[in-house]
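Colleague: I would like to learn how to read a model like this one. Could we go through it together, feature by feature?

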Amino acid sequence: MTADPNAATQGYPVPPPAHRRPHPVRPLVYLVPALVAAAVAVGLGVYGRTHHPAGTAFNLAGFSSTSAVKSWLASTAFAFALLQLVSAFMVYGKLPGPSWAPVLHRWSGRVAFLVAVPVAVHCLYALGFQTYEPRVLWHSLLGCFFFGAFSAKMLLLRSERLPGWLLPLVGGLVFVVLTAIWLTSALWFFRTFGVTT
């Protein structure tokens, strides 16, 4: 009896799968998001510093001032950022959560960003990059840094083979910076002028 060389070899032990070495992360995976973040942050800062402030960019009916509009929009963005933080803990298994926690995480982040954009546009166009007191200087610096860090996070989301700690670190940084922005703007406004519309 002759053996068919093309027949499957049943009954023989299957060799263990070869262990693949993890692909090393190329430096560009880190460098490109870092350079984009720096370019966005510096670009916004330069525009805000060189642009002649227009004084106002928008106002909504029902609000007493542009500052009130910005404070409420910033507070809305911060509330959705808190929701994104909690849903991130659910996604990473640190908190119990529903099966749709990843969808909640993505959409709360999108809404937070979309609500923050008109606030940033108004700040840059109407007020510019201001330095006349420490609170305002920190607010200006953090605002530019936030959009740079956010850009880096979005680029890192598309990267493969990242260390497991990197995305939560960058996401946490974005959240901390947004919190500081809210503290130096909306919370300051509400404490100074009262919770008004």
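Colleague: How far is the sulfur of C123 from the closest cysteine sulfur?

Modeller: First, a word on the source: this is a predicted model, where local features need pLDDT of at least 70 and side-chain atom pairs count only at pLDDT 80 or more, while totals for chains, interfaces and linings use all residues. Residues are numbered from 1 along each chain as its sequence is written, and side-chain values use heavy atoms, with hydrogens and water left out. Now to the cysteines: a disulfide is a pair of cysteine sulfur atoms within 2.5 Å. The closest cysteine sulfur to that of C123 is in C144, 9.9 Å away, so a bond is ruled out by distance. The count of disulfides is 0.

Colleague: Are C123 and C144 buried or exposed?

Modeller: Relative accessible area tells us: under 20% is buried, over 50% is exposed, and partly exposed lies in between (1.4 Å probe, protein chains only). C123 is buried at 17%, and C144 is buried at 7%.

Colleague: How do I read a salt bridge, and which side chains form one here?

Modeller: Look for a side-chain nitrogen of Lys or Arg within 4 Å of a carboxyl oxygen of Asp or Glu. The count here is 1: R135 meets E133 at 3.3 Å, N to O. R135 is partly exposed at 21%, and so is E133 at 31%.

Colleague: Which residues form the nonpolar patch on the surface?

Modeller: Patches gather residues with over 30% relative accessible area and no salt bridge; like charges are joined within 9 Å, and nonpolar side chains (Val, Leu, Ile, Met, Phe, Trp, Tyr) within 5 Å. Areas come from the Shrake-Rupley method with a 1.4 Å probe, and for residues only the protein chains shown count as cover. This patch holds L28, L31, V32, L35, V36 and L155, with about 490 Å² of accessible area together. Helix α1 (residues 27-50) gives the largest share, 5 residues. Helices (H or I, at least four residues) and strands (E, at least two) are DSSP runs, numbered from the N terminus. An α-helix has 3.6 residues a turn, so residues three or four places apart point the same way. L155 sits in helix α4 (residues 134-157) and is partly exposed at 33%.

Colleague: Where is the kink in α3?

Modeller: The bend at a residue is the angle between axes fitted to the seven residues ending there and the seven starting there. In α3 a kink of about 25° lies at V117, shortly before the proline P118. Just after α3, G128 has a positive phi of about 75°.
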